[in-house]
Amino acid sequence: MAREFAKAFYNSKSWKKARAAYIAQRKAIDGGMCESCHQRPGYIVHHKIELSPENINNPDIALNYANFKYDCHACHNKEKKEPDAVEGLVRYEFDAAGQPIAQAPPEMNRQGQGARPNSAYTLNTQLARVGGVV
């Protein structure tokens, strides 16, 4: 989650445009695989030089492709060394009968496709359909 000083930056058009262009470039190069492990689809555009209040307005750091890295969720958490990061985090979706189906994001699913990034939306939609609390 973005720190308070960075929230406006991550919601800016310039970041969203740079991020989308970088992901498109990575997909053209290797299908968008994680730049660290090369085993799972990329999920997060990571800044190699971490953003700080001092450098966030410096486009050479904040918006420069040379400072970007497209990582899968697991590699990003390892690199950030977040104390609450959970490796192998499991999310759930629900089938038509309302039974939970475990999904391991953002790794490959059974069909070899990357996990959908909008699973929270899917979860909330399914909960609403079966009368759950959203």
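Author: What follows goes from the overall layout to the aromatic residues, the core, the strands and a few cysteines. Keep in mind that this is a predicted model.

Reader: Fine. How many helices and strands does the chain have?
Author: The secondary structure comes to five helices and four strands. Starting at the N terminus, the elements run α-α-β-α-β-α-β-β-α.

Reader: And what share of the residues is buried?
Author: Buried residues make up 33% of the 134 in the chain. The accessible surface comes to about 8800 Å², and 53% of that belongs to carbon and sulfur atoms.

Reader: What about contacts between residues 24 or more positions apart?
Author: Counting contacts with a separation of 6 or more, residues 24 or more positions apart account for 54% of them.

Reader: Ok, rings. How many aromatic pairs are there?
Author: The structure holds seven aromatic pairs. One of them is Phe9 with Trp15: the ring centres are 5.4 Å apart and the planes sit at 40°, so the pair is tilted.

Reader: Why tilted, and not stacked or edge-to-face?
Author: Because stacked needs planes under 30 degrees apart and edge-to-face needs over 60, and the planes of Phe9 and Trp15 are at 40°.

Reader: Are those two buried or exposed?
Author: Phe9 is buried, with a relative accessible area of 11%. Trp15 counts as buried too, at 5% relative accessibility.

Reader: How do Tyr22 and Tyr65 pair up?
Author: Tyr22 and Tyr65 are edge-to-face, with 5.3 Å centre to centre and 75° between the planes. That pair links distant parts of the chain: Tyr22 is in helix 2 (residues 13-30), while Tyr65 is in the loop between helix 3 (59-62) and strand 2 (68-71), 43 residues apart.

Reader: Buried or partly exposed, for each of them?
Author: Tyr22 counts as buried, at 5% relative accessibility. Tyr65 is partly exposed, at 33%.

Reader: Which residues form the aromatic cluster?
Author: Phe9, Tyr10, Trp15, Tyr22, Tyr65 and Phe68 form one aromatic cluster.

Reader: Switching to the core. Which residues touch the most other members of the largest one?
Author: The largest nonpolar core has 13 residues, and Phe9, Val45, Leu51 and Phe68 touch the most other members. Helix 2, helix 3 and strand 2 are the elements that give two or more residues to this core. Helix 2 gives the most, with four residues. As background, nonpolar side chains in soluble globular proteins tend to be buried together.

Reader: Phe68 came up in the cluster and in the core. What does Phe68 touch?
Author: Leaving out residues up to four places away in sequence, Phe68 touches Trp15, Ala18, Tyr22, Glu35, Val45, His46, His47, Lys48, Ala62 and Leu63.

Reader: Which residues cover the two faces of strand 2?
Author: Phe68 and Tyr70 are on one side, Lys69 and Asp71 on the other, and all of them are buried. In general, side chains in a regular strand alternate between the two faces of the sheet.

Reader: How do strand 1 and strand 2 run?
Author: Strand 1 (residues 44-47) and strand 2 run antiparallel, joined by four bridges. Ile44 stands opposite Asp71 in strand 2.

Reader: Last topic, cysteines. Where does Cys34 lie?
Author: Cys34 lies in the loop between helix 2 and strand 1, and counts as buried at 0% relative accessibility. Cys34 and Cys72 are 38 residues apart in sequence but 5.1 Å apart in space, C-alpha to C-alpha.

Technical notes:
Residues numbered from 1 in each chain as written. Predicted model: local features only at pLDDT ≥ 70, side-chain atom pairs only at ≥ 80, totals over all residues. Heavy atoms only, no water. Phe/Tyr/Trp six-rings, centres within 6.5 Å; stacked < 30°, edge-to-face > 60°. Buried < 20%, exposed > 50% of the residue type's maximum accessible area, 1.4 Å probe, protein only. Core = buried A, V, L, I, M, F, W, Y, C linked by side-chain atoms within 4.5 Å. Contact = heavy atoms within 4.5 Å. Pairing = 2+ DSSP bridges. Areas by Shrake-Rupley, 256 points an atom, 1.4 Å probe, with all protein chains shown as cover.
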